[in-house]
Amino acid sequence: MKKTMPKDATIAITYKCNARCVMCNIWQKEKKPELALEIYKKLPSSLEEINITGGEPFLRSDLPEIINVINKTCNYPRIIISTNGLLPDILDKSLAKIQCYSKNNIGIGLSLDGIGGKHDKIRGIPGAYSKVLQSLDVVKKNNFKNIRLAFTMSDLNFNELLKVYELSRKLKVDFSWIVAQSSSHYFGINIKLTADNAKKNIKDLIQKQLKSWRPKTLARAYFSNALYEFIFKHKYPWQCQAMNSSFFLDPYGDIYPCNALNQKAGNILSQSFQEIWFSKEADKICEITKKCQKCLMICSARETIKKHWLQVGWWILRHKRYKSQ
């Protein structure tokens, strides 16, 4: 099948970070000149889903302008900006500008890895938990509707999973989660999930998600189950689509298949995106990702879930019916 342009991207606009997370070493990376605003005009217009991340993206004062360029270049794709929520005042000023460039296509993901001091300890910042709640109020004040709490699970906080999920329900925002994984070119060495005790927490989460009638929440139940199978049974549920329908762009212009596999395809400072995407190097990486089972991330799963919606729907129907009996 002929390769087409990507629909999904994770874009790290900076590696500067004001957190000191125990599962991430981004803040220790050597800093280099970051991509200038106009370089983002080289992104492909085919993109439909984009995660803007870092580091901490709100440390870039030109974040609103970057969003504006991406909106115009990619015809207003669905954008999620991931933030640690430690900068509520800066968030307020930046979001007011970003809202001017929005057509309700922009959402905010606030990292939250536990309740109270547990989150503070994992993020390495005293008072981090209260800052996240302040930032959530700021996001709501600026009239953003697509809001989620994003949980990263490891051996340090698996018992916090359901607590953060229930908090998301109380606050009437979405919930997403991933498991901490390693990456030599992105967040560096991290803490993994090995605790068998986490099995029950994840199963309970899946059952709670299956009680919903929202398609988004039900799709997340399917992804939660896929993560469970991946972590504890070493089953990979689908062929990875990284470098086929999705890619990762770092703050310096390097393009990788994802934020876990250290296989650079090219750099958009010296090449057009099309030259990189359809290059022999990119083709070689595609062959690697087809067989790769290094991680399970929503960035490479999203298009697969859309593509196999009948399979996903059948799984949801069977398990939701079982739950209701």
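In this predicted model, Arg20 is partly exposed, its relative accessible area being 35%. The residue sits in the loop that runs between β1 (8–12) and β2 (49–53). A polar atom of the Arg20 side chain lies 3.1 Å from the backbone oxygen of Cys17. Leaving aside residues up to four places away in sequence, Arg20 touches Trp27, Ile122, Arg123, Gly124 and Ile125. One of these contacts, Arg123, is 103 residues from Arg20 along the sequence, yet the C-alpha atoms of the two residues are 5.5 Å apart in space.

A disulfide is a covalent bond between the sulfur atoms of two cysteines. Across the whole structure, a search finds zero disulfides. For Cys21, the closest cysteine sulfur belongs to Cys17 and is 5.8 Å away; because a disulfide requires sulfur atoms within 2.5 Å, this separation is too far for a bond. With a relative accessibility of 8%, Cys21 counts as buried.

Cys292 is likewise in no disulfide, and the nearest cysteine sulfur, that of Cys240, is 6.1 Å away. Cys292 is buried too, with a relative accessible area of 18%, a value under the 20% that marks a buried residue.

Definitions and conventions:
Residues numbered from 1 in each chain as written. Predicted model: local features only at pLDDT ≥ 70, side-chain atom pairs only at ≥ 80, totals over all residues. Heavy atoms only, no water. Helix = DSSP H or I, 4+ residues; strand = E, 2+ residues; numbered from the N terminus. Buried < 20%, exposed > 50% of the residue type's maximum accessible area, 1.4 Å probe, protein only. Contact = heavy atoms within 4.5 Å. Polar contact = N/O pair within 3.5 Å; in protein donor to acceptor, adjacent residues only side chain to side chain.
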